[in-house]
Amino acid sequence: MSAVETTYREAVRAAIREAMLKDERVFLMGEDVGRYGGCYAVSMGLLEEFGEERIRDTPLSESAFTGAGIGAAMGGMRPIVEVMTVNFSLLALDQIMNTAATVRHMSGGQFGVPVVIRMATGAGKQLAAQHSHSLEGWFAHIPGIRVLAPATLEDARGMLWTALEDPDPVLIFENALLYNMKGQMAADAGPVDIDKAAVRRAGDQVTLITYGGSLFKTLEAAEALAKDGVAAEVIDLRTLRPLDDATIMASVRKTRRAVVVDEGWRSGSLSAEISARITEQAFWDLDAPVGRVCSAEVPIPYAKHLEAAAIPQVPGIVQAARETLGR
């Protein structure tokens, strides 16, 4: 199988382009997605190829254009709504939570909202507090939507089409640090499963559970642990709602120890939910309490050294794993 070199940004762009070629009902809308090419340059060039009818610049009003996307989806279209960054998505929270997520239930199953909403998340690019938080765990709290966090090039390329085929709303969170990530991807990479977590590294002494931008730090931590003779298994959640409990519990029952790495704040976080589920389902298999590595409970700072100190890093993950192992 031949491979091509690409970036995460290019993989997302290729996914959008392919979806628009496959289905004329697919269109992209959001602030600056047209002439500017998107604030992270994901949609660069798509306006010239598909025109203003399908690459739609919108006013700076997240609630309005997200609501328009929901209406278009209910009318038979397949919109991709781009919200620049997760912080701004709170301005559209009413549309997402009170409309998109509830229509299936409130219509007795008669209507769905097949909309895909993409946004950047995470810190590490010195964009300061209002552009750097990781709020995907909040959205994973809401029933009625599916929440995805592609970390690899293959998932960045393949999750979108699977999401567009879902009859209900799907939110995709793309960690801003990953857009420049470069690597090899199969030339024929296509749609991927969005139901299952993935074991990215096998091991039998401790399970490291993570997703999105923290995956590669966690893999680096696992490599450091391996040099000390510790075989860590790394699980990439991929889908934050619904969580793939089966993969998590199978790994924890094998290693008997777990650490959750989550760029969200610790209190009320996705890591708290995962820790609780492990306690509920695999408590008697554990040899140690579940560890957590989360962001400091402060607005993400602008200063580079403070920003780095506020979010999970490799040494902290290694330390948490060693503490879980009693070393």
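Tutor: In this predicted model, a helix is a DSSP run of H or I with at least four residues, and a strand is a run of E with at least two. On that definition the secondary structure of the protein comes to 13 helices and 14 strands.

Student: What makes the protein as compact as a globular protein of its length?

Tutor: The globule rule, 2.2 Å times the number of residues to the power 0.38, gives 20 Å for 327 residues, and the radius of gyration of the protein is 20 Å; the two values are close, so the protein is as compact as a globular protein of that length. Along the principal axes, its C-alpha atoms fill a box of roughly 60 × 45 × 45 Å.

Student: What share of the residues counts as buried, and how much of the contact total comes from residues 24 or more positions apart?

Tutor: Buried residues make up 56% of the 327. Among contacts with a separation of 6 or more, 82% join residues 24 or more positions apart. The accessible surface comes to about 13,700 Å², and carbon and sulfur atoms hold 53% of that surface.

Student: How do you know that the length of helix 11 agrees with its number of residues?

Tutor: Helix 11 covers residues 270-282, which is 13 residues. The expected span is 1.5 Å times one less than the number of residues, and for helix 11 this comes to 18 Å; the end C-alpha atoms are 18 Å apart, so the two values agree.

Student: Which residues of helix 11 are buried, and why are they said to line one face of the helix?

Tutor: Leu270, Ser271, Ile274, Ser275, Ile278 and Ala282 are the buried residues of helix 11. Viewed down the helix axis, these residues fall within an arc of 135 degrees, and therefore they line one face. Their packing partners include helix 7 (136-139), helix 10 (245-255), strand 13 (258-265) and strand 14 (291-295).

Student: Which residues of helix 10 are buried, and what do they pack against?

Tutor: The buried residues of helix 10 are Asp245, Thr247, Ile248, Met249, Ser251, Val252 and Thr255. They pack against strand 9 (198-201), strand 10, strand 11 (232-236), strand 13 and helix 11.

Student: What do Ser132 and Ser63 touch, leaving aside residues up to four places away in sequence?

Tutor: Ser132 touches Asn87, Gly122, Ala123, Leu127, Ile300 and Glu307. Ser63 touches Leu91, Ala92 and Gln95.

Student: What makes the pair of side chains Arg104 and Asp168 a polar contact?

Tutor: A polar contact requires N or O atoms within 3.5 Å, one able to donate a hydrogen and the other to accept it. The side chains of Arg104 and Asp168 make such a contact at 2.9 Å. These residues are 64 positions apart along the chain, yet their C-alpha atoms are separated by 7.7 Å. Arg104 is found in helix 6 (residues 103-106), and its relative accessible area of 30% makes it partly exposed.

Student: What is the form of the peptide bond from Arg241 to Pro242?

Tutor: Most peptide bonds are trans. The bond from Arg241 to Pro242 is cis, with omega near -5 degrees. Pro242 sits in the loop between strand 12 and helix 10.

Key:
Residues are numbered from 1 along each chain as its sequence is written. This is a predicted model: local features need pLDDT of at least 70, side-chain atom pairs count only at pLDDT 80 or more; totals for chains, interfaces and linings use all residues. Side-chain values use heavy atoms; hydrogens and water are left out. Buried means under 20% relative accessible area, exposed over 50%, partly exposed in between (1.4 Å probe, protein chains only). The arc is that of the directions from the helix axis to the C-beta atoms. Contact means heavy atoms within 4.5 Å. Accessible areas come from the Shrake-Rupley method with a 1.4 Å probe; for residues, only the protein chains shown count as cover.
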